[in-house]
Structure formats: C-alpha cells, structure tokens
Amino acid sequence: MTDLQPIKELSIHKKVIDILQKNKFTHLLPVQQKAIPELLKGKDAVISAKTGSGKTLTFLIPAIELLISSKMKPRNGTAVLIIAPVRELAQQIYDVAKLLFEEISQTVGVVIGGVGRNKEEERLSAGLNLLIATPGRLLDHLQTSEGFVYKYLSMLVIDEADRCLDAGFEKTMALILKKLPSAYRQTILTSATITPKVNALADLCFHSEGRKKDPLYIGIDDEADYATAEGLEQGYVECPSGERFLMLFSFLKLLKKKNKKTIVFMSSVNAVKFFHDLLNYISLEVLALHGKMSQPARNAVFKRFRKSEGDILLATDVAARGLDIPAVDWIVQFDPPSDVSDYIHRVGRTCRGIDGKKGRALLFLLPSEDGFLKLMKKRKIPTVEYDMPRNALSAVQKRLESLLCEHQSLNKSAREAFKSYLLSYASHTHKSVFAVADLDLEGVARGFGLSIVPRVSLPGITLQKTKKDKKKGRSYASSAAISEGEKKENPFDLGGKRRSSETPTASTSSAPIKKGRKRRSKGKK
Ligand SMILES: Nc1ncnc2c1ncn2[C@@H]1O[C@H](COP(=O)(O)OP(=O)(O)OP(=O)(O)O)[C@@H](O)[C@H]1O
C-alpha cells in the first residue's frame, strides 16, 4: 500500500474524494494512478490491465467528475454511457456507481436485457446522466424509446471491449456506434487482454467517419513477467476423456469438504445443466449460472454466490468476464477455454483488487491437448502439472452409468451435454490443438456417464469411429433408446438421509498434487 498514491491527491471535486474514502477507497491502484489523470484531460484511451486490477473505478471517477463539472441536470439526459457485454457485469458497475452517486444531484441507471423494459423507458425519459447498459437492450432503447435523450453524450466507455464484439454483438455495436453522437465525445475502451477484436472495435470507435483520432494506449502490465495475477497458483491436470467426470467429482467433493469457494467453467449451457442436475442428485450441492436462465434466477444465484463462503458454482463463460466476486478460492476449467484470452479472464475471477492476494486455478486437459500449454507459455502464463491419483475412481463409473440408464431425464440431459461438448469442440479457435476428429468418442461419452455413444452429426466433420461402428461399418454410433427403470437408492449419496452403504469413497487423496516441476513443453502428440 505504501507505494500507492493517496486518492486525496487526485485533482477532482472534494465531494468525490470524500465519497471514495467513505467507501474505503483510500489509495489508487496502479492502473488508476496511470490512467485517471489522462482521462480527466478528456483523452480517448484504450486501457489494458490485468483482471481484478481496478479498471471500473478508473473510468467511473472521471465519469462522475465530468458530470459534476458540467453541472448536468437529469433533463439533459445521458452524458456518460458505459456499455458492458454481460448483464451481471452491467449490474455490478451500477452497484459501484450508485455508491459514488450517493451525495450528488446527478442521476445514474442501468438498462439490461431480461427485465422490465417499460420501467426502463420511464427512467430514461426522466433522465439518467450516467447510463450503464448491455448492447442489445441499449440498441433497443436507442431505436424505440422516444424520451431517451443522448444528444449531449460526452463520454462513452466500452468495458470488456473484446467481448463486446463477440458473436451476435458485432452488428449491434456497429449500429449503436452509428447512432451515438461522436464529434465531442471522449471514448474509452477497456480490457484485460488486447486482442484483434479490441483493435477492430477501436477502429470502429476512433477511425469511423468524422473521427480520425488515435487513442492513448494505457497498458499497465505490458512489462510484467506474467499475464495473470501474481498471487495466483496455476496448475493443470492431464486426464483422458473417460475419467473426466470422476476426477471432477472427486476434486469437487474435496473442495466442498474444505469449504472452498469455487467456480467451474464449462463450455456449454447443456453441460452446466447436466452436471448441475447430476451432482445435486448425488448430493454434492452445486449452483449453476448460464445465459439460458431467467434474469431473476441469474440474479439470485449470483447474489448467493457472491455472499457465500464455500459454494461451488458451475458456469458458462457468462461468468468469465469482469464479475467481481469476493474471495473465490479455486477456478476450475473443466472444459478448455476457447483461447488464451478466455483462460486469463476465467482465472481473473480470483485474486482480485487490493486484498485478493491468493487464489488457485486448475485446468483440465486431455493428453492430446497439451499444445495449449505452449500457447499459454507464449502469453506469459506460468503453470505446473498436477498429478491426480486415480485410485478409488473405477467403481464410481459403473454406478454412474447405471444411474443414467435408470433415469431418463438425466440420460437425455447427458446426451445433450455430450452433443454440445462436441459442437463447442468443433468450433474451437485452435483447431490444431483441439481436433474434434481425434476425440475418443467412447471416452467422451463415458465422461458424461454414457456407456453408449449417442449419434451426433456435425456438418462437414468426420468423427472418430467407435468400436461398435467399426464392427457395423458405419461412421456414427446410434443412440440406443435408454428406458427409465425403477428409481433405486441413490448410489452416490454423500451424506444426510440419502447416504447408502454403497457410497463410493473417492479418496480425499485424489486432490491434485503438484508434481513439483514447471511444465516442460511437450508439443502436440
Ligand atoms: N483504489 C482501490 N482501493 C481498494 N480496492 C479497490 C480499488 N479499486 C478497485 N478496488 C477493488 O478491486 C476489485 C477489482 O476491481 P475491478 O472489478 O474494477 O477490476 P477489473 O480490472 O475491472 O477486473 P476485470 O478485468 O476482471 O473486469 C474490486 O473488488 C474493487 O472494489
């Protein structure tokens, strides 16, 4: 803390300093120290700093200062607009902004998908000087809410800029930027990772018609030894497809026992749904967060997980960006991230801010995927191999398979998750590392508790033949109809009333053990 500049030294209104100090922000974090003075001068900027480094206040402080200095009134409409790609992130920025607006006369609000649009329209008509929005809902209001005044827009912030150009958002962002006044606007893009998408968005923002300015590039960690937080201990485990669930199950059981707050990232909504249902069924309580949940359900899970001390959350990448969740102990990447930037954002959910000094991350890789380690090394991510003892796991697999034979809904959900796994694998950015045609389909199916490989057809892709296919001479195995049998006693019960004498005891020694060496680069086999 001693090298950090006290917030009271910033040349901003005393009112703002008092509010910050009241909320326990007494010193500036490095990115804030470097960027805020430049932003206060009105400069356009692209800001890149590690996850959890304090980018939110970096743009909120100049934003609030601008509103106070220009004496904005609600009737003047929106002067500062902040766009965030995910609803929870928008809500979170709003929560921080609300604290800062406590004692000033300007107004702040948020518009996000999934909640009452009409109420939002009313609030926009009443005038929101600082508006936080997700792209889809913002465009909707720009196009249809007549009372929404934004002609005095003076500052535009695009948070998690690369994600704002992800599939689906590209067109929306282009339309939004076309609608917004740009001549006198200060524009700020932020991201933990500068990717071609950030540069593309910068082009759209800074080099579009009538604007030929180059932004100031403020990179805080360009010279840093590592791309991820210093207190983060990162490891990976090589695990064949067929053992993936067993390892996950054993590991989560251990984390639960030790009350470790954990996020497990999966690549599809269907995987999150299936493993959520399965783990809860076998009495390992986990939460789920994905984009297909209703907004109130998403809010409730997010709120609970933020407050919790030892919950386990299974999530899609909807939770990978920007979310500030206190004291997360472990980040488990059960499915591979789509690229190294996504890896960085996912592990960035731990080790955050001034107090978040420690956190741990575990990446599951198939033996064939170790080319990903080379990509990580190139991006300055330190990682060591963990060894997961495999004893006491084999008995559980059979029980899992018979459970899925007996429960049609779980079986259906497993088959959907299997299919989504292959689909997301097939659309992977690094196809040389994640080659869907090389996947051992029987193993992958086993990883979802399926003893029979469901038939999946991926346009333009030939999958590996299963043994059964080879015998029958066809390219895909067919999905046998698995009927729901009588409901039997839960063989996985972990405790409480449902405990069974047959409970498999995945040994607690099956926690990952650091192999004690830095990973040598093996290259792809
Ligand atoms: N000056 C400060 N003093 C103390 N804590 C701070 C300060 N600035 C930010 N923080 C805290 O640090 C944490 C991370 O900040 P923030 O969410 O802004 O990170 P970020 O850089 O936006 O991360 P990401 O890239 O993941 O979105 C938050 O809990 C925030 O309250």
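In the legends below, a residue is called buried under 20% relative accessible area, exposed over 50% and partly exposed in between, with a 1.4 Å probe and only the protein chains considered. The model is a predicted one, in which local features need pLDDT of at least 70 and side-chain atom pairs count only at pLDDT 80 or more, while totals for chains, interfaces and linings use all residues. Residues are numbered from 1 along each chain as its sequence is written, and side-chain values use heavy atoms, with hydrogens and water left out.

**Figure 1. Overview of the protein chain.** The chain contains 17 helices and 15 strands, taken as DSSP runs numbered from the N terminus (helices: H or I, at least four residues; strands: E, at least two). Of its 525 residues, 55% count as buried. The accessible surface of the protein chain is about 22800 Å², and carbon and sulfur atoms account for 51% of it; accessible areas come from the Shrake-Rupley method with a 1.4 Å probe, and for residues only the protein chains shown count as cover. Where contacts (heavy atoms within 4.5 Å) join residues at least 6 apart in sequence, 76% of them are between residues at least 24 apart.

**Figure 2. Surroundings of the ligand.** The ligand is surrounded by 19 residues, of which His27, Gly52, Lys55, Thr56 and Asp324 are the closest; a residue belongs here if one of its heavy atoms lies within 4 Å of the ligand. This shell consists of 4 nonpolar, 9 polar and 6 charged residues. In this grouping Ala, Val, Leu, Ile, Met, Phe, Trp, Tyr, Cys and Pro are nonpolar, Asp, Glu, Lys and Arg are charged, and the others, Gly among them, are polar. Helix H3 (residues 55–69) gives the most to the shell, with 3 residues.

Figure 3. A backbone N or O atom of Gly52 lies 2.8 Å from a ligand oxygen atom. For Lys55, a side-chain N or O atom is 2.7 Å from an oxygen atom of the ligand. A polar side-chain atom of Thr56 is likewise placed 2.7 Å from a ligand oxygen. The protein covers 87% of the 640 Å² of accessible area that the ligand has on its own.

**Figure 4. Salt bridge between Lys22 and Glu102.** The closest N and O atoms of Lys22 and Glu102 are 3.1 Å apart, in a salt bridge (a side-chain nitrogen of Lys or Arg within 4 Å of a carboxyl oxygen of Asp or Glu). Lys22 belongs to helix H1 (residues 14–22) and Glu102 to the loop between helix H4 (87–100) and strand E3 (108–111), so the pair ties together parts 80 residues apart in sequence. Lys22 is partly exposed at 48% relative accessibility, as is Glu102 at 47%. A network of salt bridges links Lys22, Glu102 and Glu103.

Figure 5. Lys98 and Asp95 are joined by a salt bridge with an N to O distance of 3.8 Å. The two residues are 3 apart in helix H4, a separation of about one helical turn.

**Figure 6. Buried residues of helix H6.** Pro135, Arg137, Leu138, Leu139, His141 and Leu142 are buried in helix H6 (residues 135–144). The buried residues of H6 pack against strand E2 (80–83), E3, helix H5 (117–126), strand E4 (130–133) and helix H7 (169–179).

Technical notes: Polar contact = N/O pair within 3.5 Å; in protein donor to acceptor, adjacent residues only side chain to side chain.
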